[in-house]
Amino acid sequence: ARHAFSPLNAFITPNNKWFVALARGFFPAERDWRGRLSITGGSVNPPEEAEIAAQWGEYYIESKRCSFPVAAEFSFEGGETPLDQFQFTVKKLTYIISRRNRVPPTCTTKWPDTLNTHSPRATPINWTAIAQVYSNRFLSSKDYHLHYKHIVHRAIVTRHTFSAAHGPLCRLCRRANERTFHLGTCPVIIEIFSNLLRIDHVNLHDPTAIFSSPSLAPEWALAHSQ
């Protein structure tokens with residue numbers, strides 16, 4: 001009688017005869033259209049020309065020699081998921097194809113230069129922690145867009161960029177050049193937002209807990225906490 005099973009190995013001959021190796025012996029088998037095998041007879045001696053068959057998931061396709069790359073033994077570059085377990089989508093395939101020519105966004109390359117985080121003693125920017133800031137469901141996409149544009153991409157107009165007759169000093173504290181990253185350390189801005197938090201009866205340590213983490217550079221963290 002025919003029955004389904006999980007073989008130790010499956011074999012195929014050049015004339016497409018299938019065999020399976022079980023703990024109790026070597027048996028002839030039949031493959032259905034899906035690639036599933038079922039035993040068709042009693043134990044036999046292994047044919048000399050039989051080759052180990054390759055699988056795609058739990059189904060058998062052909063000999064490993066003829067099915068390179070073997071799906072269970074290969075994965076896409078940069079991934080660990082075998083090909084036969086990879087869930088293909090247009091999004092994932094597009095990412096894989098474009099990965100080799102992808103360049104980092106300018107914001108992630110310019111901010112380290114601006115804050116000099118390349119120094120061995122400097123705290124690197126944790127972009128994952130920064131991304132977690134954007135979890136406030138009460139803010140609209142417009143608010144996020146403006147923040148990305150003016151802070152992350154440093155598009156906000158400051159006196160350092162257009163000093164004119166006023167000079168480059170901060171118009172609020174007059175203690176440092178008015179640049180994007182100074183907005184996070186400006187004592188006047190910090191005092192304003194601290195007062196707003198007190199009015200709202202908010203624990204001052206909670207809203208900025210993520211920003212006090214050693215994984216964020218101080219200037220960057222404060223700029224985002226505002």
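This is a predicted model: local features need pLDDT of at least 70, side-chain atom pairs count only at pLDDT 80 or more; totals for chains, interfaces and linings use all residues.
Trainee: In what order do the elements of the protein chain run from the N terminus on?

Mentor: The chain holds 6 helices and 6 strands. The strands precede the helices along the sequence, so that the order, with elements being DSSP runs numbered from the N terminus, can be written in one line. From the N terminus on, that order is β-β-β-β-β-β-α-α-α-α-α-α.

Trainee: Is L93 buried, partly exposed or exposed?

Mentor: L93 lies in helix α1, which spans residues 90-98. Buried means under 20% relative accessible area and exposed means over 50%. Because its relative accessible area is 32%, L93 is partly exposed.

Trainee: How much accessible area does the nonpolar patch with L93 have together?

Mentor: The accessible surface of the protein chain comes to about 15,500 Å², and 55% of that belongs to carbon and sulfur atoms. On this surface, W56, I61, F88, L93 and I97 form a nonpolar patch. Together these residues have an accessible area of about 480 Å².

Trainee: What percentage of the residues of the protein chain count as buried?

Mentor: Among contacts with a separation of 6 or more, residues 24 or more positions apart account for 38%. Of the 226 residues of the chain, the share that counts as buried is 28%.

Methods. Residues are numbered from 1 along each chain as its sequence is written. Side-chain values use heavy atoms; hydrogens and water are left out. Helices (H or I, at least four residues) and strands (E, at least two) are DSSP runs, numbered from the N terminus. Buried means under 20% relative accessible area, exposed over 50%, partly exposed in between (1.4 Å probe, protein chains only). Contact means heavy atoms within 4.5 Å. Accessible areas come from the Shrake-Rupley method with a 1.4 Å probe; for residues, only the protein chains shown count as cover. Patches are made of residues with over 30% relative accessible area and no salt bridge: like charges are joined within 9 Å, nonpolar side chains (Val, Leu, Ile, Met, Phe, Trp, Tyr) within 5 Å. A salt bridge is a side-chain nitrogen of Lys or Arg within 4 Å of a carboxyl oxygen of Asp or Glu.
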